[in-house]
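Today I am opening my notebook to look at pockets and surface patches.

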Amino acid sequence: TLILLAGFVVRLPHLADPPLGFHPTRQYRSAVIARGYYVDELSGVTTQQREAARAIASRLGPIEPPVIEHLAVWAYRVAGREDLRLPRLMSVLAWTAGGAAMWWLTAQFFSTPAVVAAVVLVMFLPFGITASQAFQPDVLMTALTVVTLAAAVRHDKRLGAFALVLLTVSAGAAVFVKPMAAFFFVPVVFALAVRRLGWIRGLAFVSIWTLVASLPTAAYYYYYVARVAPGVFSERIFPQLLGVPSFWRDWA
């Protein structure tokens, strides 16, 4: 608890700084989208101001489901003003929760000194301190990924409806925040399932489970890409790389 608290406190002094130290373009995108949502609901705003905020937010458009942006708008409403410290504080809280999940995960395998070392690494690695202050979805995705890994191990050790629901909900939330989270936990769930059930039944379990966990995300992207912004991924997804050896070498 002291490690988590210290890691949380060490991130607070710089939340008021301009978000320029870590992926500023990505943070600016989230801030502009959140402003568009927030201004659209404000009273006392001129029609011109409202339309300008809408236009800018619409032109940028969310890359992932705008979870963190809507959370920011909720915080703005509670505070009564737009304040970038609030979504950045949410990111810090999410990272701290991820540190707690790391404790939960590693405690199932290792001795106390190793668990403490893992949590210290999560909470005090310099890159993590900077990254966890960002107004972008990666922080929440990272925390939910660690929760999903811990839930996968718990489900493997204690089979039951609750463990399966916890695993599915945490995985679904992680991929909804940012779909690339699946690359980190699906192989783990697959490995545990194969060890427990064998190749055929394990593959069947993971296939059905992945389908169920990804349904909300698939529904969102079907609606968003098909109806709202069909060209949003034209410069972000490159399936032709799957046939390039260097792509797989670099992944490895």
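Which residues make a nonpolar surface patch of about 370 Å²? I looked it up in this predicted model, and found Leu 2, Leu 5, Val 9 and Leu 12.

Entry 1: I picked Leu 2 and placed it in helix H1, which covers residues 2-10. Leu 2 counts as exposed because its relative accessibility is 69%, and the cut-off for exposed is over 50%.

**Entry 2: the largest pocket.** I noted about 770 Å³ of space in the largest pocket. Its lining has 20 residues, and the closest to the centre are Met 180, Phe 183, Arg 236, Ile 237 and Trp 251. I then checked which helices take part: helix H10 (182-197) and helix H12 (245-251) each give at least two residues to this lining. Sorting the lining of the largest pocket by class, I got 17 nonpolar residues, three charged and no polar.

**Entry 3: the second largest pocket.** Here I wrote down about 230 Å³ of space. Among the residues that line this pocket are Tyr 28, Arg 35, Gln 49, Ile 56 and Glu 82. Helix H2 (24-41) and helix H3 (47-60) are the elements that supply two or more lining residues.

Which helix gives the largest share of the lining of the second largest pocket? My answer is H2, with six residues. By class, I found eight nonpolar, two polar and two charged residues in the lining of the second largest pocket.

Key
Residues numbered from 1 in each chain as written. Predicted model: local features only at pLDDT ≥ 70, side-chain atom pairs only at ≥ 80, totals over all residues. Heavy atoms only, no water. 1 Å grid on protein atoms, 1.4 Å probe; cavity = no way out; pocket = protein on both sides within 12 Å on 5 of 7 lines; lining within 4 Å. Points joined across faces, edges and corners; volume = space filled by probe spheres on them. Helix = DSSP H or I, 4+ residues; strand = E, 2+ residues; numbered from the N terminus. Nonpolar A, V, L, I, M, F, W, Y, C, P; charged D, E, K, R; others polar. Patch = residues over 30% accessible without salt bridge, like charges linked within 9 Å, V, L, I, M, F, W, Y side chains within 5 Å. Areas by Shrake-Rupley, 256 points an atom, 1.4 Å probe, with all protein chains shown as cover. Salt bridge = Lys/Arg side-chain N within 4 Å of Asp/Glu carboxyl O. Buried < 20%, exposed > 50% of the residue type's maximum accessible area, 1.4 Å probe, protein only.
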